[in-house]
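Me: I would like to learn how to read the places where parts of a model touch. Could we go through this one slowly together?

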Amino acid sequence: MKRQLVAVAALAATLLGAAACGSNDDDSPTTSASGPVDGKGKTLKVWLMVDAQSAWKGVVDDASKRFTDATGAQVSVEYQQWANHLTKLDATLAGSDVPDVVELGNTEFPKYVFSSAFAAINPGDYENSGTWLQGLKGACDFEGKTYCVPYYAGARVLIYRTDLFKAAGIAAAPKTYDEFLADADKLQTAKKSDSKFGAVYMPGQYWYSAMSWVKSTGGDIAKQDGDKWVGQLSQPASVQGLQRWVDMVKKYSKADPTKNENDQAGIFAQGQSGMFYGNAWELGAAEQIKKDPNDPNSALVDTKVKGKLAAAPMPEVPSFLGGSNLGVTEKSQNKELAAQWIKAFTDSTSMAGLIKANALPNATALLDKAATDNPAIAPAALAAKSSWFPPNAEKWADVEKGNILQTMLTDILTGKKSVADGAKWADDQMNTTLNES
Amino acid sequence: MVVAASPRRKRVDDGVVTVGRSKAGTVVANAIGVIFSVLMLFPVYWVLNTAFKPADEVLALTPTFWPEHPTFANFTSAFKAPLFLQDMLNGLIVTVLAVAGALVVGFLAALAIARFSFYGRKAIILVVLAVQLVPFLALLIPLFLMLQTASLTNSLIGVSITYLVLILPYTVWTLRGFISGIPRELDEAALIDGCTRAQVFWRIILPLTGPGLVATSVYGFIQAWNEFIIINTLNSPAKQNLMAWLLQNQTTRGTAWGPLMAGAIITSIPVVVFFLLIQRNIATGLTAGAVKG
Amino acid sequence: MSVVESPTTRRPGGSTPHRAPGRAARPRRRRQGASTPWLLVIPTLLLLAGLLGYPLIRMIVLSFQNMRLRELLSGRTPAWVGLDNYTKVLTDSVFWTVVGRTVLFTIVCVLISVFIGLGIALLMRRVARGVRLFMIVAMMFVWALPQLVAAQIFRWITDSDFGVLNYVLNFLPGVNFDNHSWFVNPWQGWGVITTLVVWAGIPFLAITLNAGLTQVPKELVEAATVDGATPWQVLRNITLPILKPLITIVTTLSVIWDFGLFTQNWALRDGHPEPQFQTLATYSYTQAFGQSRYSIGSAISVITVLLMLGVMAFYIRQMFKIGEVD
């Protein structure tokens, strides 16, 4: 009897799935993750980003195992690289043989949600959905429905050299932005003789950082006005924030104005600067490098700054909330199974594993627990509470891919454009890109 | 090297070098030649230097011109890296299939163009020349959709066929040159001696085109081995080649320069070896005119 | 990257009159078995039509539609927009800047590489055998390096923090290249890219031209020298004219390759070239795959092909001429 019920449910799910493929996107049914699903003989295809492979593969395997025990379906996980995953995703989703679950960065999601790439889900089916981080969840919402599940987050903090702070007579991490500047001054003075030393390491195309400064003065990147998006960088409050960032970078940073933040931990580890602005895990990455970068279990080698680093929230600067979400693809033939897997991978057990691996959990309810369970991410958990995220616009991913903000920052830092001109240029570019039909 | 050691080249060389050249001029020329070679080799040397340095020496603000503690760690790291060996094998399979296929298919077409007169021959030559100039990247999306319909994405076969087509026009054109370099009198004499056309092909044209086939395969090999955008779009990481692997290795949370450079060396080795092996044929191909004269 | 240019093998038969004079004039071709040649070319034609022709037509069709991510994913036929994409591209000043930059780069790069390539080829005829061997080995290594690898090496050498270039330049008196970024000033950035392309292109040019030089009849050179011609006169009046068809071919090929520059600026700028480092190829790719403007990207590709048509026609005519000699 029970078996029959399961079979009926599976049949219904298949029919629903088939109907979803044929129907219009607006009235597609919501995929449920609550009922039992028989997945015997099926294999679920999951695309995760490489971070999961290098930092918390155990969590993935554990969730998959629990999923397989419950449903009988196998899981095949493919790890993608950030460099080119979108091109590949586009090409793959255009076909019929698609992955069932896909991870994307939170700022990448809106474009795909607007393009009907993902199926609607029922948030109530997932643990902690009541307190999902708004910065992640915002990217999933479209016309009253939810199209993805928050996965993990990262917030940026000030990471500094305790030994240099001490030598320069600074007792504690700065509590205000003015203190931060004063500390930078003291560091710079103390290391005056070293021409390569910069109090702050801040690469020029680090737009998450620059935009945080814009937010710190009440500025904004872009906002919706009716059905149009309008760039806000040339507004006085935004220009003030940009100027604040540019002044700081020009005065204290020796970093390459054409680099982004990808390599910052390794460069900071050379000991040529006193502070940098990074993810919580970058503190560890600066203190120790893997002897073999391709081996997740590699022995670690201490760098010059080992044991000399500490982290604190960047005073008065709200952090960008980065992170990833998981979605069930619209073309998936196993939507219910996919939803079940996501459920297992985002439940409290999995989140505890992520916290251990220095990632922030997907819900505010778990942030405090994260801070107490893992002191290494406590400052980041604190920073995540006052965080921001980019405009939830369909074409926002194109702004990122178009390097609009990065180009503006490099142009301003190298003196090619003034702050006002650069901001105006970026607004024009964003207005075109965000409102394109 | 074989080029310089071959007696034919020596004759030509001696002839040129002895004509009206001053000793001082030769010394200057030799000096420039050496400086040029050293400059050319510097980047190659720098990769080797980096690849043999331990991680902390690679990321040092004061670069050293010799690894203080030379290590194979970067190489073992590359070999142990996920999918490295798999992708290396894939790359070899795809390259060999594409080159072999292009040689077989291309040889037939080259034979037709070089040895037959038929209606449409000119049009075919035009097509073969023109398609070499099509920007392949622009065809990526339509190509993908097409292969997907045929269930050939995420398969080595699909990529092999794509590469085959990529190198086919060049193969046809170059082989045509080699075949028409074989004196027609040979065919005719054989036919008179009672050979069939098929025998002429097997006993005369094919053996004499041998060096040409090898020389042509160099180009195909390089093209197929070095391609990364198509395979990266069509296939998942487990079905890609080393070049695509190399591309991805650079952006996982900071660049691991040591293993990247080690990987670069390993990736280049097949091409270098191939070059050295067929080096004589490159020269043969380039100087084929002199042989035939 | 062609190693062996068939014209090289053909040239002596066609342009050195003292060798096999009758060959070029022989028009004999067999008329028998009219179906045999077609059977031979059919596999090639089918493959080309299937995997090049069909996508090519799709690309042209695409350039008259408006295909974005939504259409790509749903598989619905995108809306027809006529010439809208072309109007958009052709009226965009950014596009014309990219065209101008690509053309300028191509001219500069081709001139430098052919000039150096020829110089090295001539030098190779002049040096001692051991030195020539060294030169060939050095060039073989460079030649064998995959483009992507070569670009990564240059990215590493010019890195602003760990690069050896800044370190070495710092030894020059009176300069400070600490943390100097080579890609702030577009001229410097393009200097690096040009150096990379020229460096990687020299082996093909030098070795091919050197092979061509071995074909210059020594009797001619000797006779001229005996008659009191200076080396410069020998070069101008004997060597270069004989080498001309070969130089034309390698120059045209260089133009075609350099005009399609993609891998080098793409990799040197870490996969996201700034506006000032975009070329037509990267621009089209970024539009299509970065911004999901597949139709705009296709239109740019079509325009690129049209822009190249002049050069291509020249190349095809040149090859045709050589082909007809046989």
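Me: How many residues of chain B are in contact with chain C, and how many of chain C are in contact with chain B?

Reply: This is a predicted model, in which local features need pLDDT of at least 70 and side-chain atom pairs count only at pLDDT 80 or more, while totals for chains, interfaces and linings use all residues. Residues are numbered from 1 along each chain as its sequence is written, and chains are lettered from A and ligands numbered from 1 in the order in which they are written. Two residues are in contact if their C-beta atoms, placed from the backbone, lie within 7 Å; here 97 residues of chain B are in contact with 96 residues of chain C.

Me: Which helix gives the largest share of the side of chain B that touches chain C?

Reply: Helices are DSSP runs of H or I with at least four residues, and strands are runs of E with at least two, numbered from the N terminus. On the side of chain B that touches chain C, the largest share is the 15 residues from helix H3 (residues 23-51) of chain B. Chain B has 15 helices and zero strands.

Me: Which domains does the assignment give for chain A?

Reply: Domain bounds come from an automatic or database domain assignment, and for chain A this gives domain 1 (2-154 + 322-388) and domain 2 (155-320 + 390-435). Their C-alpha centres lie 30 Å apart, and the contact takes 24 residues from domain 1 of chain A and 23 residues from domain 2 of chain A. H16(A) gives the most to the domain 1 side, with five residues.
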